[in-house]
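Hi,

Here is the structure I promised to pass on.

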Amino acid sequence: MHVLSVSSLKGGVGKTTVTLGLASAAFARGVRTLVVDLDPQSDVSTGMDIQVAGRLNVADVLANPKEKTVKQAITSSGWAKVHPGTIDVMIGSPSAINFDGPHPSVRDVWKLEEALATIEGDYDLVLIDCAPSLNALTRTAWAASDRVIVVTEPGLFSVAAADRALRAIEEIRRGLSPRLQPLGIVVNRVRPQSIEHQFRIKELRDMFGPLVLAPQLPERTSLQQAQGAAKPLHIWPGDSAQELAADFDVLLDRIMRTGRIPVPGEARA
């Protein structure tokens, strides 16, 4: 089971929409996927059409990361009505903010890792939609992860935030979780005609080299529309949606190669 955190230390760069795009790509590919909604805004849970009534949620899991609690906090996404496949969500909650203090204990930091260990055999890929800060929730996500993808946009402050995120990943890797590595930086909401955007992308490449992933994701309304309708991007009509879906497919290929995730239909090792 490969665990990938989707992170940004700056709000408003489209981190959750990138999580949803990757989840859509994984679902379309037939990869058994769990999305952990660790952002207290819980937008991933909304965008994946889940029913929360009568279920536990991620805050309950952080309070008690035992298998019974974990399984009661996970539900199938409404996307599963579209076509067969495993696409589940660990339900988000505003109450997760109670676990987002600035100085978590070592015990608290490992709680999500402990929870995910109880369902190790159920999924090929876990995507964690992180809180847009470097407090306890993000550290908890990273401690449970193999890789982190950093979402940014081509703007001055976002470049600085990406730099902070990569430094923080290195700090966690050295001090807490030696297996943690950055997958790279996804540049989101790009307007190819914008000279400012091209300048910032060059700046990112000069600073971070091959960590800047291709393709960069263009600014499109189709992803927000699919999200608003709680549908996977890959079934959303229109050329722009399909072009964006193809971009997420390329990013998923990179994730699957890096994580050695078996391609559905091929024999498992």
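The largest nonpolar core has 43 residues. L34, V36, M90, L116, I128 and W142 touch the most other members. Helix α8, residues 156-175, gives the most to this core: 7 residues. A second, separate core has 40 residues, among them L20, L125, A226 and A245. Keep in mind that this is a predicted model.

Take M90 as a way in. Setting aside neighbours within four places in sequence, M90 is in contact with L34, V35, V36, D37, V58, V61, V70, A73, I74, L112 and L116.

Which residues of α9 are buried? They are H197, R200, I201, L204 and F208. An α-helix has 3.6 residues a turn, so residues three or four places apart point the same way. On the other side of α9, I195, K202 and D206 are exposed. The cover over the buried residues of α9 includes β6 (147-152), α8 and β7 (181-187).

S194 caps the N-terminal end, with a side-chain oxygen 3.4 Å from the backbone nitrogen of E196. Just after α9, G209 takes a positive phi of about 55°.

Best wishes

Conventions: Residues are numbered from 1 along each chain as its sequence is written. This is a predicted model: local features need pLDDT of at least 70, side-chain atom pairs count only at pLDDT 80 or more; totals for chains, interfaces and linings use all residues. Side-chain values use heavy atoms; hydrogens and water are left out. A nonpolar core is a set of buried Ala, Val, Leu, Ile, Met, Phe, Trp, Tyr and Cys residues joined through side-chain atoms within 4.5 Å. Buried means under 20% relative accessible area, exposed over 50%, partly exposed in between (1.4 Å probe, protein chains only). Helices (H or I, at least four residues) and strands (E, at least two) are DSSP runs, numbered from the N terminus. Contact means heavy atoms within 4.5 Å. A polar contact is a pair of N or O atoms within 3.5 Å; within protein, one must be able to donate a hydrogen and the other to accept it, and residues adjacent in sequence count only if both atoms are side-chain atoms.
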